[in-house]
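User: I would like to learn how to read a model of this kind, feature by feature. Could you give the general idea each time and then the case at hand?

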Amino acid sequence: MANKALATRQRMQFRVEPSQTPLHKRGGHNKYGSNTRNTLPTYLGGNPANKKTALAQAHKPGKADTSTILTRETTMFTSPDASDKPDYPVLARQLASILEGERNLITNAAQFSAFIYSSISNLNWAGFYFCVDASKPTAEFAHDLLLGPFQGKVACTRIPFGRGVCGTAAAERRTVLVADVHAFPGHIACDSASESEIVIPLIKDGELYGVFDIDSPRLERFSAEDQSGLENLLSIFAAVTDFR
Ligand code: SME
């Protein structure tokens, strides 16, 4: 590994964990799946000894240990292993636990995006667009969708209601599942890697607040089961979050 890349890894990654056991199933974790004893960065009070040991083991030349991997968890919460066919009832319980005790929109939206992105495999984008007044209001489109917290590449900032998959889901207040984005008239290509997409309207107490958009680099990535599972996860997010 190039020195620069190695330096970056050393800054970001500092813990060795058995690769077979997902973090959330290991002992010594709190109800969120976090190990608050030894996973915090040193600047947040973590134990520097853990970092030293992890790096020493991970970078010993010629002594690769296939039973261990460096994990990338440097945050308070950890997500389950990404899955092609997620267990949505399990994800629902984990999500409720992660969001418990916090009602802030930006905070919960950021956590929700990261949770979805890291729990479901074959995704290249997952994030929110929130309803705002249109930049150029017309009788037809009085609202725009403005980019919110997301995971993935830089995306389109503003999408008018009715445009693209997101604008269609917002205008029609329904989930739009697109098996092949190239076959969707008006699809907005933020990331050329995207092949399929699902956009779910974010509705609480009958009011539309935006949409949640998920992109995949695989054709036909999302099934009807994904749709109902994701709709339920978004409804949990909506229920525990304040929008005003
Ligand atoms: N594809 C979306 C635009 C948003 S990006 O995918 C992040 C659309 O057609 O509305």
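User: How many helices and strands does the secondary structure of the protein chain come to?

Analyst: This is a predicted model, in which local features need pLDDT of at least 70 and side-chain atom pairs count only at pLDDT 80 or more, while totals for chains, interfaces and linings use all residues. Residues are numbered from 1 along each chain as its sequence is written. Helices (H or I, at least four residues) and strands (E, at least two) are DSSP runs, numbered from the N terminus. Here the protein chain has six helices and eight strands, and along the sequence they follow the pattern α-β-α-β-α-α-β-β-β-α-β-β-β-α.

User: What share of the residues in the protein chain is buried?

Analyst: A residue is buried if 20 or more other C-beta atoms lie within 10 Å of its own, exposed if 12 or fewer, and partly exposed in between, with C-beta atoms placed from the backbone. In the protein chain, 30% of the 244 residues are buried.

User: Which residues of H3 are buried, and which are exposed on the other side?

Analyst: The buried ones are Leu91, Gln94, Leu95, Ile98 and Leu99. The buried residues pack against helix H4 (105-119) and helix H6 (224-239), where two residues are in contact if their C-beta atoms, placed from the backbone, lie within 7 Å.

User: How far does H3 reach, and what follows it?

Analyst: The expected span of a helix is 1.5 Å times one less than its number of residues. H3 (residues 88-99) has twelve residues and reaches 16 Å from its first C-alpha to its last, close to the 16 Å expected. Just after H3, Gly101 takes a positive phi of about 85 degrees.

User: What covers the buried residues of H4?

Analyst: The cover includes H3, S3, strand S4 (143-152), strand S8 (207-216) and H6. Among the buried residues of H4 themselves are Phe112, Phe115 and Ile116, and this helix of 15 residues reaches 21 Å from its first C-alpha to its last, close to the 21 Å expected.

User: Which residues have the most contacts inside the largest nonpolar core?

Analyst: A nonpolar core is a set of buried Ala, Val, Leu, Ile, Met, Phe, Trp, Tyr and Cys residues joined through C-beta atoms within 7 Å. The largest has 41 residues, and those with the most contacts inside it are Leu145, Cys166, Ala169, Val199, Ile200 and Val211. Strand S3 (residues 125-133) gives the largest share of this core, six residues. Leaving aside residues up to four places away in sequence, Cys166 touches Tyr129, Leu145, Ile159, Val199, Val211 and Asp213.

User: Which residues are closest to the ligand, and which element supplies the largest share of the shell around the ligand?

Analyst: A residue is near a molecule or strand if its C-beta atom, placed from the backbone, lies within 6 Å of it. Of the 15 residues that surround the ligand, the closest are Gly164, Val165, Cys166, Ile188 and Cys190. H5 supplies the largest share of the shell, four residues.

User: Why does Asn122 count as partly exposed?

Analyst: Asn122 counts as partly exposed because it has 15 C-beta neighbours inside 10 Å. Asn122 lies in the loop between H4 and S3; Asn122 and Ser216 are 94 residues apart in sequence, yet 5.8 Å apart in space, C-alpha to C-alpha.
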